Amino acid sequence: MIKNVMIVDDNKIDLFITKKIIEKYNPDIKTRNFTSGESALSFLQLCQTDRGSEVLVIPDLILVDINMPQMDGFQFVEKLKDKLPVLSKYTKIFMLTSSLYSEDINRAKNDPMCFGYLCKPLTVEKFAQVYASHPSCPCYKQSS
């Protein structure tokens, strides 16, 4: 079951909306918001080194915006692969973005660490689909 979600988006309004949608879907899901890929990576590295902490919990799901300054969503995923490859065992990543470029969609679909591509704004229905697609969900059905 998804208990912890990391949201990475430079737009504070989008962060707020996404957090509220997740809370509406399930108020027991904890969210961590980051306005840059760098700060999110730093947090994940701390989680990796302090696994027994109740505060520093590796997220079950990461929702990351593609278009951000300094480090875009794809660069964030690449850094994760380099610095924290073990994270893919625990965490599923979805691109949550306003980008409708076919190149972005195809790049996300072809990246083995990306489990999906969601267009903003996130809705309860879209999050329900993400939730159901997570392997820890009781209703998860693996594609054959």
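**Notes on the predicted fold and its contacts**

1. Tyr-131 counts as buried because its relative accessibility is 9%, where buried means under 20% relative accessible area, exposed means over 50% and partly exposed lies in between, with a 1.4 Å probe and protein chains only. Tyr-131 sits in helix H5, where helices (H or I, at least four residues) and strands (E, at least two) are DSSP runs numbered from the N terminus. Although Tyr-131 and Met-1 stand 130 residues apart in sequence, their C-alpha atoms are 7.9 Å apart in space.

2. The model is a predicted one, in which local features need pLDDT of at least 70 and side-chain atom pairs count only at pLDDT 80 or more, while totals for chains, interfaces and linings use all residues. Residues are numbered from 1 along each chain as its sequence is written, and side-chain values use heavy atoms, with hydrogens and water left out.

3. On the overall layout, the chain holds 5 helices and 5 strands, and reading along the sequence gives the pattern β-α-β-α-β-α-β-α-β-α. Of its 144 residues, 46% count as buried. When contacts (heavy atoms within 4.5 Å) between residues at least 6 apart in sequence are taken, 66% of them join residues at least 24 apart.

4. From H1 the contact draws on Ile-21, Ile-22, Lys-24 and Tyr-25, and from H5 on Val-124, Phe-127, Ala-128 and Tyr-131. These residues divide into 7 nonpolar, no polar and 1 charged, with Ala, Val, Leu, Ile, Met, Phe, Trp, Tyr, Cys and Pro counted as nonpolar, Asp, Glu, Lys and Arg as charged, and the others, Gly among them, as polar.

5. Helix H2 (residues 37-49) and helix H3 (residues 73-83) pack at an angle of about 25°, with their axes 10 Å apart, which makes H2 roughly parallel to H3. The crossing of H2 and H3 is right-handed. On the H2 side, Gly-37, Ala-40, Leu-41, Leu-44 and Gln-45 meet Phe-76, Lys-79, Leu-80 and Lys-83 of H3, and the residues of this contact divide into 5 nonpolar, 2 polar and 2 charged.

6. Two backbone features deserve a check. Most residues other than glycine have a negative phi, and most peptide bonds are trans. Gln-70, however, has a positive phi of about 65° although it is not a glycine; Gln-70 belongs to the loop between strand S3 (61-64) and H3, and it counts as exposed because its relative accessibility is 67%. The peptide bond from Lys-120 to Pro-121 is cis, with omega near -5°, and Pro-121 lies in the loop between strand S5 (114-119) and H5.

7. Ile-66 is another residue of the loop between S3 and H3, and at 2% relative accessibility Ile-66 is buried. Apart from neighbours within four places in sequence, Ile-66 is in contact with Asp-72, Gly-73, Phe-74, Met-95, Leu-96, Thr-97, Asp-104 and Tyr-117. The C-alpha atoms of Ile-66 and Phe-76, which are 10 residues apart along the chain, are separated by 8.9 Å.

8. Thr-91, in the loop between H3 and strand S4 (92-97), is buried with a relative accessible area of 2%. The side chain of Thr-91 reaches the backbone oxygen of Pro-59 at 2.5 Å. Setting aside neighbours within four places in sequence, Thr-91 is in contact with Ile-58, Pro-59, Asp-60, Leu-61 and Ile-62.

9. Asn-26 falls in the loop between H1 and strand S2 (30-34), and its relative accessible area of 18% makes Asn-26 buried. A polar atom of the Asn-26 side chain lies 2.8 Å from the backbone nitrogen of Asp-28.

Methods
A polar contact is a pair of N or O atoms within 3.5 Å; within protein, one must be able to donate a hydrogen and the other to accept it, and residues adjacent in sequence count only if both atoms are side-chain atoms. Axes are lines fitted to C-alpha atoms, for helices over the stretch in contact, and angles run from 0 to 180 degrees between N-to-C directions. Angles under 35 degrees count as roughly parallel, over 145 as roughly antiparallel, 65 to 115 as roughly perpendicular and the rest as oblique. A crossing is left-handed if the near helix is turned anticlockwise from the far one by less than a right angle, and right-handed if clockwise.
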